[in-house]
Amino acid sequence: MGIIEAKIKEHKIIPVIAIEKMDDVLPLADSLTEGGLPLIEITFRTKIAPEAIKLLQKERPEMLIGAGTVLTNDELELAIDNGAAFGVAPGFNPKIVEEALKNNFFFMPGILTPSDLEAALSMGINVFKFFPAEAAGGVTYLKSLSAPYTHKNIQFIPTGGINIKNLKDYLNLDEVLAVGGTWLAKKAEIESGLWEMILEKCQTAKSLVSLNN
Ligand code: 3PG
């Protein structure tokens with residue numbers, strides 16, 4: 001297991017973030033870190049994503065900083081150039097995976113079916129985002145999906161509908177490396193500067209995960 005994968009496994013929860021204002025980047029990062037989750041996936045759903053990654057890389061280098069919703073090779077390049085440690089996408093796009101591999105960049109494409117999984121696996125990927133986790137059938141579906149491939153040493157990061165109530169159900173599965181989600185810091189909460197609320201949500205999630213160990 002590589003260093004990035006090991007760090008994700010250690011924290012078990014990836015806060016997935018869509019952020020609009022640069023002024024919110026550091027206060028948000030500090031709320032997550034003080035809440036016990038020094039890692040972040042900044043999604044390319046907002047224009048400032050590359051700049052936000054760069055700022056965090058400079059000002060909070062101790063955090064594990066990733067890029068999310070990477071949908072094109074240009075976005076992949078921006079993620080890498082601005083210092084992201086890992087990349088994630090909701091779906092499996094072989095062009096992006098190929099480019100990530102060329103750059104030796106830790107990238108987790110999204111998969112939902114055996115065909116997606118096998119296509120990504122055949123390119124050398126063994127950590128997948130499982131998206132949209134809950135809508136697709138949740139833990140029951142993930143168990144069935146992964147059953148034929150357990151000998152392939154694959155790991156999943158379920159995202160989509162994960163929250164404080166169901167995260168443990170996913171983390172109890174051996175093949176789940178971590179879960180991801182926006183519930184820890186919703187867009188509206190970031191925009192309203194509810195840093196204390198975000199910090200407390202991280203603490204609650206973290207304490208559940210620690211009990212799980
Ligand atoms: C993602 O990009 O990982 C998902 O949009 C997260 O889904 P959620 O908002 O249900 O956590």
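1. Two strands are said to pair if DSSP finds at least two bridges between them. Helices (H or I, at least four residues) and strands (E, at least two) are DSSP runs, numbered from the N terminus. On these terms, β3 and β4 pair in the parallel sense over two bridges.

2. The model is predicted: local features need pLDDT of at least 70, side-chain atom pairs count only at pLDDT 80 or more, and totals for chains, interfaces and linings use all residues. Residues are numbered from 1 along each chain as its sequence is written, and side-chain values use heavy atoms, with hydrogens and water left out.

3. The sheet is open and consists of six strands in the order β5-β4-β3-β2-β1-β9, with parallel pairing. Its edges are β5 and β9 (179-181); each has a single partner strand, so one side of each is left without a neighbour in the sheet. On average, neighbouring strands are turned by 25° against each other, direction ignored; the axes are lines fitted to C-alpha atoms.

4. Strand β3 (residues 64-68) deserves attention. Five of its five residues are buried, so β3 is largely enclosed by the rest of the structure; buried means under 20% relative accessible area, exposed over 50%, and partly exposed in between (1.4 Å probe, protein chains only). L64, G66 and G68 are buried on one side of β3, and I65 and A67 on the other.

5. The pairings around β3 can be followed residue by residue. Strand β2 (residues 39-43) runs parallel to β3 and is joined to it by five bridges, with I42 opposite A67. G66 has F86 of β4 as its bridge partner. Strand β4 (residues 86-88) in turn pairs with β5 over three bridges, in the parallel sense, and there F86 is partnered by F106.

6. Which residues of helix α5 (residues 94-102) are buried? They are I96, V97 and A100. These cover an arc of only 100° around the axis, which puts them on the same side of α5; the arc is that of the directions from the helix axis to the C-beta atoms. K95 and K102 are exposed on the other side. The buried residues of α5 pack against α4 (73-81) and β5 (106-108), contact meaning heavy atoms within 4.5 Å.

Key: Axes fitted to C-alpha atoms, helices over the stretch in contact; angles between N-to-C directions.
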